[in-house]
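Hi there,

Here is the structure I promised to pass on to you. Have a look at it first, and then read my notes below.

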Amino acid sequence: MNLNHRKTPTLVLGLTIEQHINCRGKDSQGEEVIKPYTPTTLDSDVGHFELVIKMYPQGRMSHHFRELRVGDYLAVKGLKGRFRYKLGQVRAFGMIVGGSGITPMFHFARAMLENPKDMTNVHLIYANVPYEDILLKEELDSLVAKYPGRFKVYYVLNQVCCLSHVAIS
């Protein structure tokens with residue numbers, strides 16, 4: 001799901017690479033739900049921000065996102081996050097993540113890799129149950145191709161049924 005906040009050509013969220021936002025909505029019972037999300041866009045993606053949202057059949061926040069229509073507003077609050085990353089802090093940065101937890105790591109890796117002053121090597125172990133649950137695979141593989149030697153992704157699957165037609169890098 002791609003949610004654009006008013007197409008404003010100069011709008012940026014101003015998130016540092018380790019921060020996230022909270023989104024607020026109502027579940028199917030009308031109760032308020034607040035859930036953290038990390039945009040996959042950076043401040044270099046001027047004019048909009050994007051969220052990757054995994055929709056769960058019984059998910060409380062999923063209900064809210066299913067109800068949104070073009071032109072609706074999304075209540076967002078932030079900037080949140082305690083971890084602080086300093087340029088040149090480490091030579092290599094390892095990440096282990098599962099499922100929809102990929103978005104903060106994708107945001108973080110992208111920010112490090114796209115910063116010409118940051119030479120940190122990034123290694124990501126990304127676990128999912130079936131292959132179909134891998135989120136942002138195209139984008140991750142694109143970063144691997146764009147930053148060979150600096151970015152490595154290792155996909156781990158719990159179900160390996162019927163993968164004869166799938167090439168996993």
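**What I found**

Of the 169 residues in the protein chain, 37% are buried (under 20% relative accessible area with a 1.4 Å probe, protein chains only; exposed is over 50%, and partly exposed is in between). This is a predicted model, where local features need pLDDT of at least 70 and side-chain atom pairs count only at pLDDT 80 or more, while totals for chains, interfaces and linings use all residues. Residues are numbered from 1 along each chain as its sequence is written, and side-chain values use heavy atoms, leaving out hydrogens and water.

The protein chain has 3 helices and 6 strands, in the order β-β-α-β-β-α-β-α-β from the N terminus. Both are DSSP runs numbered from that end: helices are H or I with at least four residues, strands are E with at least two.

Threonine 38 sits in the loop between β2 (32-37) and α1 (60-67). It counts as buried because its relative accessibility is 10%. Beyond its neighbours within four places in sequence, threonine 38 is in contact (heavy atoms within 4.5 Å) with Gln19, His20, Leu51, Thr103, Pro104 and His107.

Isoleucine 125 belongs to strand β5 (residues 121-128). Is this residue buried or partly exposed? Isoleucine 125 is partly exposed, because its relative accessible area is 36%.

Enjoy exploring!
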